[in-house]
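Please read them with the structure open.

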Amino acid sequence: MGKRSKVIEKDEVVVRFSGDSGDGMQLTGTLFSYTSAIFGNDISTFPDYPSEIRAPQGTIGGVSGFQVHFGHSEVYTPGDYADVLVAMNPAALKANAKWMKPGGTIIIDSDSFDEKNLRKAGYKTNDPITEDKLGDFNIIKAPITTMTKESLKDMGLDNKSILRSKNMFALGLVYWLFNRPLEHTKEYIRKKFKKKPVVVEANIKVLEAGYNYGSIIQAVTPSYQISPADIEKGYYRNINGNTAVAWGFLAAAEKSDLPLFLGSYPITPATEIMQELSARRDLGVKVFQAEDEIAGITSAIGASFAGNLAVTTTSGPGLALKGEAIGLAVIAELPLVVVDVQRGGPSTGLPTKTEQSDLMQALYGRNGESPAVVMAASTPTNCFDYAFYAAKIAVEHMTPVILLTDGFLGNGTQPWKIPDLSDFPKINVPVVDENMREEWKPYIRDPEKLSRYWAYPGMKGFAHRIGGLEKDYITGAVSHDPINHQRMVDVRQAKVDKVVDYIPELEIIGEEDADLLIIGWGGTFGHLYTAYEELTNEGHKVALAHFNYIQPLPKNTSDILSKFDKKVVCELNMGQFANYLRMNFEGITLKQYNKVQGLPFTVKELKEHFIKLLEE
Amino acid sequence: MSGVCNLKFTEFKSDQEVRWCPGCGDHAILNSVQKAMSELHYCKDDVAIISGIGCSSRFPYYMDTYGFHTLHGRGAAIASGVKIANPDLHVWEITGDGDALAIGGNHFIHLIRRNIDINVILFNNKIYGLTKGQYSPTSNRGFVSKTSPYGTIESPFRPGELCIGARGQFFARTVDKELKLSIEVFKEAAKHKGTSIVEVLQNCVIYNDKIHAEITDKQYKDDRTITLRHGEPMIFGKERNKGLILDGLELKVVTIGEDGITEDDILVHDAKCEDITLHLKLADMEYPKYPVALGVIRDVEASVYDECMEKQIKEVSEKSPIKSFKDLLYSGDVWEVK
């Protein structure tokens, strides 16, 4: 390795890869993340891509980005602003320049900065650096296209195939910048294209060419040094929230000894959960790709009636379509998990962007008094845990559970310490037993949990009928009796309320005498926690209460909230959780910080807002 | 595995009082299903009856089997989930013309396309009964009802045509009050592997009385319907002297003994023929041009979804290196932090 001219030592760095949506930026970012994770850095990633598969080339609308944040201590977010930006064309520069940290490094493919592309990206002049006032950045103008062509000129490849490996040049260059080994990426290329040796050779050649280009230009370019993080010993893998959800259900199937059934319909950004489970025929998972969202959930309800661990997955518009069927699961008192990977709404809204605006829909988006358990995961990796516990609660309490994640969690990745399943509790299935046969009626209840018992077709002597019509509290027969209806409505609510005895209490992060309590729920944890941590390090007295259980709320919620005078609820909607808390705790005073831009919070904006509140 | 029982048909009756209107065709269909299940030697605990919403969909409450009265139109999707989750069950779906062909039309065609082993009994009374008399997707063009006081301006679905168009492999038709034929047809539907659609011409005594009378009444029935049986000639009529022949691409009603027609000229019913052409023509026959076809019109073997699912799980799990969840956790890119 050649001598490096200038080495910048940093605790953490954010790199953003961006290009046309066909430029392979998602793969480039993913490969870089893996290498960094294996090197021993803690990482957090976030892809940001348009909803069009191939939006018009060269336009801002077609820019696809992938951001990686890695450091030598723990990182909780993909980072607000980037230290290093790779811009494969002018549109990528235009779209991302405003998300750069001052003085950062920008790598551009100078070949693509021609007049045509500059105009497409909306630049008025032929000098985007001056036009966007980027003079203070380290600009590496690398002729990526030319160099890629040059390194592959003897391989007899067609132009299209050559251009397709441009991203490997950029990746090689970034590896040089961070002094990272190429071996892992080479291994990946060899595996992925094992049937196409020419493609393997081409990609590796270009990757190395990119790295070597770094060595050549080192005299004028700084490189970065980030030491490995101090991470708990064990085996690790990278996982995103969607895969973690899918795997959480596999764990729940094993711990309950129930067959797993998923009825679902493809919808962004939730589809990946379904794809992941579809591949798991080897573990006996039955995935039914339904004709629509309604058939997705109703087939799952059918499977639940037949004694399977039943799940359906969706995003906002799909949850709207499933509302009627969730009501059926509520009245039939069948276990069911509904996963909503939230995205920007209303209507089709922003399919590939993140938001937390389905909370009220999850809580109340049904006809009648229709209580269901509502939970939310808060990091990509704990999507595994919350999917597991959603299934546990659904089965043990015979109720539908709605698990909220979001596009940010679903697509974001983190290194995940592979869990030992023996650390997870057994799921006790409340199935009828032989001794109950004489006395049994479909709505006889467990005295503690108030849940009914599960008897499914095929079990001898338990033939019974259930359905969407109100049933008699005792006999389980159809009943239109007014007093009975009140009693059944009450007991269905009481059953969901009882879940509170089986969930953990809310923990406060920070001191109880803090001047400001930050309140959040779900996927904003990483940003809120980082803001809390940085403010604390800067000497401010703040605390954080982050919710994963929403209906019911943890038992000590009221106690905790009453300890703090100044409270701010932060969420990516117009104040749905804040209003839910106000509804539950009369007279509570809450401030709000809301954002509905299809984007996560930035730590910067949160800190600025909190400091303002502290000064008030 | 599902068991073999010798139960009397009365043992399939639940303790619930049957609440359909006196004279409703549903009573007869309930009896026919119970008798068919008894003759099929079903055990009660292996039976799951799934219904949607509508008069007919109260059916599960009257059967002493497992039953689930679900959502309007969604019976087919829920039944699909039940059957895929446990293929050993006998899964029957009870539905009506509004439930299956209007609000549940999408689930209906996709159930048929997938060919999941479910027996669908479609009660067709050409009216919305439970909401008190609005036209349905099978009401004839021009039909006057509370929501079509000047007559409908839309064409009806023909359930058989829709079923075959959705790649249905079993379609049969019967009449509510023809118990013997219904039992025979239900048993054939049960024996067929894959989705079986049985359309029952059912009378709604309150809101659409005698809607099928011009073909099902005793005095007309023999001349205005034809009961098809696999391998038998397509002969009908009080005198058993009428038959069907192919005239070019058209079916034609002929009289044996007239114009030199003999019994040998009459078409012989082949319910097992894969080609849908003739089945479609038979299913579409309408009075007065033709007799209405009853019995099993189409009964063709094809791949069955729930069986394929089990088979694929078995094959994939045998081949896959991932034998447990733990194997999956440690598969792919895993690294150790020491």
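**Notes on the predicted model**

1. Of the 616 residues of chain A, 55% count as buried (20 or more other C-beta atoms within 10 Å of the residue's own; exposed means 12 or fewer, partly exposed in between; C-beta atoms are placed from the backbone). This is a predicted model, in which local features need pLDDT of at least 70 and side-chain atom pairs count only at pLDDT 80 or more, while totals for chains, interfaces and linings use all residues. Residues are numbered from 1 along each chain as its sequence is written, and chains are lettered from A and ligands numbered from 1 in the order in which they are written.

2. Overall form of chain A. Its secondary structure comes to 21 helices and 23 strands (DSSP runs numbered from the N terminus: helices are H or I of at least four residues, strands are E of at least two). The radius of gyration of chain A is 27 Å, close to the 25 Å of the globule rule for 616 residues, so chain A is as compact as a globular protein of that length (the radius is taken over C-alpha atoms, and the rule is 2.2 Å times the number of residues to the power 0.38). The C-alpha trace of chain A spans about 85 × 60 × 45 Å along its principal axes. Among contacts in chain A between residues at least 6 apart in sequence, 77% join residues at least 24 apart (contact: C-beta atoms, placed from the backbone, within 7 Å).

3. Domains. Chain A is divided into domain 1 (6-225), domain 2 (237-423) and domain 3 (508-615), with bounds that come from an automatic or database domain assignment. The centres of domain 2 and domain 3 of chain A, taken over C-alpha atoms, are separated by 26 Å. Their contact takes 23 residues from domain 2 of chain A and 20 residues from domain 3 of chain A. On the domain 2 side, the elements that give two or more residues are α14 (359-364), β14 (373-376), β15 (400-406) and α16 (407-411) of chain A. β14(A) gives the most to that side, with four residues.

4. The contact between the chains. Chain A contributes 56 residues and chain B 48 residues. Elements that give two or more residues on the chain A side include α1 (25-39), α10 (241-256), α12 (293-305) and α13 (316-332) of chain A. The largest share of that side, nine residues, comes from α12(A). By class, the chain A side has 30 nonpolar, 15 polar and 11 charged residues (nonpolar: Ala, Val, Leu, Ile, Met, Phe, Trp, Tyr, Cys and Pro; charged: Asp, Glu, Lys and Arg; polar: the others, Gly among them).

5. β17(A) pairs with strand β2 (residues 66-69) of chain B in the parallel sense over three bridges (strands pair if DSSP finds at least two bridges between them). I466(A) has F68(B) in β2(B) as its bridge partner.

6. Nonpolar cores. Which residues touch the most other members of the largest nonpolar core? Of its 251 residues, they are V174(A), I301(A), A390(A), A391(A), L403(A), I518(A) and V82(B) (a core is a set of buried Ala, Val, Leu, Ile, Met, Phe, Trp, Tyr and Cys residues joined through C-beta atoms within 7 Å). Helix α15 (residues 382-397) of chain A gives the largest share of this core, 11 residues. Not counting residues up to four places away in sequence, A391(A) touches F249(A), A252(A), L309(A), V337(A) and I427(A).

7. Two buried residues in helices. N167(A) is in helix α7 (residues 166-177) of chain A. N167(A) is buried, with 27 other C-beta atoms within 10 Å. Leaving aside neighbours within four places in sequence, the contacts of N167(A) are D23(A), G24(A), M25(A), L27(A) and T28(A). G526(A), found in helix α18 (residues 525-537) of chain A, is buried, with 25 other C-beta atoms within 10 Å. G526(A) and V75(A) are 451 residues apart in sequence and 8.2 Å apart in space, C-alpha to C-alpha.

8. A sheet in chain B. Three strands form an open antiparallel sheet in the order β8-β9-β10 (chain B). β8 (235-236) and β10 (250-255) of chain B stand at the edges with a single partner strand each, so one side of each is left without a neighbour in the sheet. Six bridges join strand β9 (residues 242-247) of chain B to β10(B); among the residues of β9(B), G243(B) has V254(B) as its bridge partner in β10(B).
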